Amino acid sequence: MRRIGFVVNPIAGMGGRVGLKGTDGKLAEARERGAEPRAPDRARESLATLAEYDDIELVTYGGQMGETEARETGFDPTVVGAPEGDETTSADTRAAVEAFVAEGVDLVFFVGGDGTAVDVAETLAGVDIDVPMLGVPAGVKVYSSVFGVSPSAAARLAATFDRTETREVNDIDEDAYRGGEVETELRALATVPVGDDLQSSKQIGGGTVEGVAEGIAQDARGESGVTYVLGPGSTLAAVKREFGFDGSPLGVDVWRDGEVLVRDGTESEILAALGDENRIVVSPIGGQGFVFGRGNLQISPAVIRRSETTVVASKRKLEETGVLRVDTGDSDLDEELRGWTRVRVGRYEHRLVKMV
């Protein structure tokens with residue numbers, strides 16, 4: 001019997017689709033913009049997979065920090081505490097982890113982003129025994145290498161792992177991130193289950209993209225009425241410059257016929273700017289391969305379904321990444337996107353890469 005401590009950060013990822021690039025210190029603003037909780041759905045998806053295994057005993061925290069989703073997916077969990085107020089905090093997550101350790105769990109299984117990973121890792125670092133941790137990705141930024149590649153993949157790994165290794169827990173300054181700067185900081189080292197479905201740490205920059213940018217811009221100049229949804233990242237920053245403007249390096253911009261329609265847009269702003277013919281241009285995250293679902297939640301399933309998608313990358317990035325991944329939060333859409341995908345790697349050159 002494997003005893004798993006399960007905790008949910010219910011506000012993780014709420015800032016993503018409304019363009020806040022994180023929720024730390026921005027919960028009220030996220031709600032004002034119409035943000036909806038993302039973590040509960042990710043928790044239920046993961047627990048539904050975990051419930052397929054007979055040898056799992058679940059220990060969790062009360063209410064919206066795990067108990068609700070556990071009971072909804074058929075578990076009869078041991079509940080070891082509850083958050084003190086209506087709004088959950090970092091202190092609640094840390095208290096939950098301490099309670100799990102006291103209960104003798106074999107794994108701390110959490111739903112959240114990098115901030116939640118820091119809370120879990122730092123708490124575990126302060127106990128006398130070595131308890132592994134594993135994350136279900138639900139945050140806007142998922143830079144740390146302690147997460148499964150999707151909720152279901154994380155659950156499978158939690159249920160079946162037979163070895164662990166030391167992994168990095170990284171976090172970034174969200175205010176700097178919103179201003180276009182990526183300032184990463186190694187916050188902790190954690191013991192993490194190892195498997196094919198474990199996410200790598202994010203790599204930043206690298207590779208030349210001039211030819212890719214020139215090719216995309218050349219195509220755009222030959223078209224009329226096509227709306228371009230341009231994702232975040234260093235590769236797309238080069239594309240935006242070739243389009244004739246300095247875009248938001250970590251946000252999503254919308255361009256059509258020489259005009260920037262939206263800068264650093266939210267999901268609703270992007271949807272409002274779409275036309276009859278739309279093209280999303282995105283680049284996979286280096287070292288991870290995610291095309292959708294990491295850092296670009298504003299490009300939601302609703303946006304994707306109304307658009308064609310062009311994936312661009314340097315050859316170097318593709319060699320480092322291997323395969324492409326999607327985690328949109330819509331399992332049907334993820335399945336539609338999977339398969340062999342043409343990736344533009346130069347002004348004219350393309351490669352076929354598998355989306356998994």
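You're looking at a predicted model, where local features need pLDDT of at least 70, side-chain atom pairs count only at pLDDT 80 or more, and totals for chains, interfaces and linings use all residues. Residues are numbered from 1 along each chain as its sequence is written, and side-chain values use heavy atoms, with hydrogens and water left out.

Stop 1: Select F292, G293, L297, I299 and T328, the closest to the centre of the largest cavity among its 10 lining residues. A cavity is a set of points, on a 1 Å grid over the protein atoms alone, where a 1.4 Å probe fits but cannot get out; lining residues have an atom within 4 Å of a point. That lining divides into five nonpolar, three polar and two charged residues.

**Stop 2: the sheet.** Now pick the five strands of an open, parallel sheet, ordered β3-β2-β1-β4-β5. (Strands are DSSP runs of E, at least two residues, and helices are runs of H or I, at least four, numbered from the N terminus; two strands pair if DSSP finds at least two bridges between them.) Zoom in on β1 (residues 2–8) and β2 (residues 56–60), joined by five bridges. There, I4 stands opposite L58 in β2.

Technical notes. On a 1 Å grid over the protein atoms alone, a cavity is a set of points where a 1.4 Å probe fits but cannot get out, and a pocket is an open set with protein on both sides within 12 Å along at least five of seven lines; lining residues have an atom within 4 Å of a point. Ala, Val, Leu, Ile, Met, Phe, Trp, Tyr, Cys and Pro count as nonpolar, Asp, Glu, Lys and Arg as charged, and the others, Gly among them, as polar.
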